[in-house]
Amino acid sequence: MIAMGRSMILRAWWVMTFPGIAILLGVLGFNLLGDGLRDALDPRLRD
């Protein structure tokens with residue numbers, strides 16, 4: 001099944017590019033959210 005889709009990569013590049021970008025932005029957003037929550041709620045980081 002994967003080998004059949006390999007020929008589509010060059011003809012329909014958007015099929016894998018836009019979902020990949022969406023995953024990238026989602027993971028980046030969750031990481032930034034987690035860092036912000038840690039900075040706001042971790043008492044050991046406060047001076």
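**Figure 1. Buried residues make up 4% of this 47-residue chain.** The model shown here is predicted. Its chain holds 3 helices and 0 strands, and from the N terminus the order of elements reads α-α-α. Along the principal axes, the C-alpha trace spans about 55 × 15 × 10 Å. For a sense of that span, pick out Gly5 and Asp39: they are 34 residues apart along the chain, and their C-alpha atoms are separated by 44 Å.

**Figure 2. A nonpolar patch lies on the surface.** Its members are Trp13, Trp14, Val15, Phe18, Ile21, Leu24, Leu25, Leu28 and Leu32, and together they have about 970 Å² of accessible area. Take Leu24 as a landmark: this residue lies in helix 3, which covers residues 14-41. Leu24 has a relative accessible area of 57%, so it counts as exposed, the cut-off being over 50%.

**Figure 3. Asp35, Arg38 and Asp39 are joined into one salt-bridge network.** Let us start with the pair Asp35 and Arg38, whose closest N and O atoms are 3.5 Å apart. These two residues are separated by about one helical turn because they sit 3 residues apart in helix 3. Arg38 also forms a salt bridge with Asp39, also in helix 3, and here the closest N and O atoms are 3.6 Å apart. How exposed are the partners? Asp35 is partly exposed at 33% relative accessibility, as are Arg38 at 44% and Asp39 at 46%. Side chains of opposite charge can pair when their charged atoms come close.

**Figure 4. Asp42 and Arg44 meet through their side chains in a salt bridge.** The N to O distance here is 3.5 Å.

**Figure 5. Arg46 sits in the segment after helix 3.** Look for its contacts with Ala40 and Leu41, leaving aside residues up to four places away in sequence. Arg46 has a relative accessible area of 55%, so this residue counts as exposed.

Terms used. Residues numbered from 1 in each chain as written. Predicted model: local features only at pLDDT ≥ 70, side-chain atom pairs only at ≥ 80, totals over all residues. Heavy atoms only, no water. Helix = DSSP H or I, 4+ residues; strand = E, 2+ residues; numbered from the N terminus. Buried < 20%, exposed > 50% of the residue type's maximum accessible area, 1.4 Å probe, protein only. Patch = residues over 30% accessible without salt bridge, like charges linked within 9 Å, V, L, I, M, F, W, Y side chains within 5 Å. Areas by Shrake-Rupley, 256 points an atom, 1.4 Å probe, with all protein chains shown as cover. Salt bridge = Lys/Arg side-chain N within 4 Å of Asp/Glu carboxyl O. Contact = heavy atoms within 4.5 Å.
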